[in-house]
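Okay, thanks for coming, everyone. Let me put the model up and walk you through a few bits of it.

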Amino acid sequence: MSEASSTAFDVLVLGGGSGGYATALRASQLGLTVGVVEEDKLGGTCLHYGCIPTKALLHAAEVADSAREGHVIGVMSSLSGIDMPAVNVYKQGIVDRLYKGLQGLAKSRGVTMIPGHGTLTGPDSIDVAGVRYTGKNIVLASGSYARTLPGLEIGGRVMTSDQALNLDHVPASVVVLGGGVIGVEFASVWTSFGAKVTIVEALPHLVPNEDEALSKGLERAFRKRGIDFKVGVRFQGVTQDDAGVKVSLEDGTVIEAELMLVAVGRGARTADLGYEAQGVRVDRGFVLTDDHLHTGVANIYAVGDIVPGLQLAHRGFAQGIFLAEHIAGLKPVPLIEANIPRVTYCDPEVASVGLTEAQAKELHGADAIESLEYNLGGNGKSQILGTAGFVKLVRVKNGPVVGVHMLGARMGEQIGEAQLIVSWEAHPEDVAALVHAHPTQNEALGEAHLALAGKPLHAHD
Ligand SMILES: Cc1cc2nc3c(=O)[nH]c(=O)nc-3n(C[C@H](O)[C@H](O)[C@H](O)COP(=O)(O)OP(=O)(O)OC[C@H]3O[C@@H](n4cnc5c(N)ncnc54)[C@H](O)[C@@H]3O)c2cc1C
């Protein structure tokens, strides 16, 4: 590689997804020169194949349910069908607008976009199509891909979220393999659109990483919606032909459906990118870093889904901002993983921050922990919306709230205050003194804290 063909930056980022572009935007704001290598589209998985398109589908699903159920509250509406190509146009319109905005933002901040496939070729260099780019700091942000199981081939009627996002029709029936976030969100959309859905989850519960109360609550709600699920049973195999798929499970069950969605998690996209050759430590595909996101090699850092932990876009954004500030010498405070909010946007929504009750008991001892569930039955706005659910608080006795866990339509919107409560280590008494507007679902958070502080208003003592 000739020196003449090299371009040097303060920060050179490999991957323009949530983690990579947040690093780039913040670094350029701080006066650093920045290059971003991207082989597909700025915005990455979240904007083009993840958060945004799925949430557009979930909104269309909510509108479909409202139309179908309008008569229940005296609105003479009905659902005559789902025009999937039109839904896709709506979804793509949102992605396209955001993509245009993001490209404009990167340009206006002076970020140099380097299109093409990048490979780490030295402690300070990335090669793209025969050109060597160097950076005083290198940020690996190559993201993730939809995983499958050994021997389970993706193709035809067996698909991942990448293909499922672009279906041109509503399938009559689907088997969703995996009851985690992506699986239950697609199960929710397809059910609202009229498909018959069966979820298969090897672990004992849906959304198995959440507090068990949320998992059980979601299972109750899904049962009511007619979503079938089989938990604690493992997938054995699938065959497909012109008629559909036959999915067999280890307990002998065979489920027939039009197609199968494989939603068994996401692997880190780190293979064959030169990381290990440069001495970067990789464990099961994930890049190991310290709490400052440093890989331990030269000035090479990593952000986003390739770093073990929650695979969420806002974690990537926060890591990117942290890293840019760290590189600029601002001494930012490292992120606390447990305080990153988590929302699953199925109906009803699942939203949580902080420790589950089980984690809190393990950390502080079972006797030191107290929990409380406030039922949305006592919350006016939730009754207006017709949603069941609850707010569960986990606190250290005579100490702060360490976990907030919420279930119910639109409860994801309440995660902001919940995050402040947990991150600022508020005591229930602190929150109980704050006024929550009536009638909002936000009141449910206030009421839960009133109850935990020993003075419930719209709840029984
Ligand atoms: C269906 C689905 C729904 C989701 N919903 C949500 C949600 O609601 N909320 C949420 O917070 N998160 C959600 N996520 C997760 C979220 O999308 C990811 O956490 C986020 O995109 C991770 O950002 P990243 O920057 O680490 O990686 P990515 O967004 O994957 O970006 C990595 C980028 O690097 C590029 N790249 C990789 N290798 C190279 C190379 N060698 N050369 C050049 N470019 C390269 C890729 O093209 C890609 O653009 C969802 C994910 C999926 C799949």
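So, start with H6, which lies across E9, strand E10 (196–201) and E15, running at about 165° to E10. Quick housekeeping: it's a predicted model, so local features need pLDDT of at least 70, side-chain atom pairs count only at pLDDT 80 or more, and totals for chains, interfaces and linings use all residues. Residues are numbered from 1 along each chain as its sequence is written.

Helices (H or I, at least four residues) and strands (E, at least two) are DSSP runs, numbered from the N terminus. Axes are lines fitted to C-alpha atoms, for helices over the stretch in contact, with angles from 0 to 180 degrees between N-to-C directions.

Now the sheet under discussion: 5 strands, open, parallel pairing, order E8-E15-E9-E10-E11. E8 (158–159) and E11 (228–231) are at the edges with a single partner strand each, so one side of each has no neighbour in the sheet. Pairing here takes at least two DSSP bridges between two strands. E9 (residues 173–177) and E15 (residues 259–262) have 4 bridges, in the parallel sense, and Val-175 has Met-260 in E15 as its bridge partner.

Back to H6, residues 181–192: what angle does it make with H3 (residues 51–69)? About 35°, with the axes 8 Å apart. Residues in H3 including Leu-57, Leu-58 and Ala-61 meet residues in H6, among them Val-189; contact is C-beta atoms, placed from the backbone, within 7 Å.

Methods: Two residues are in contact if their C-beta atoms, placed from the backbone, lie within 7 Å.
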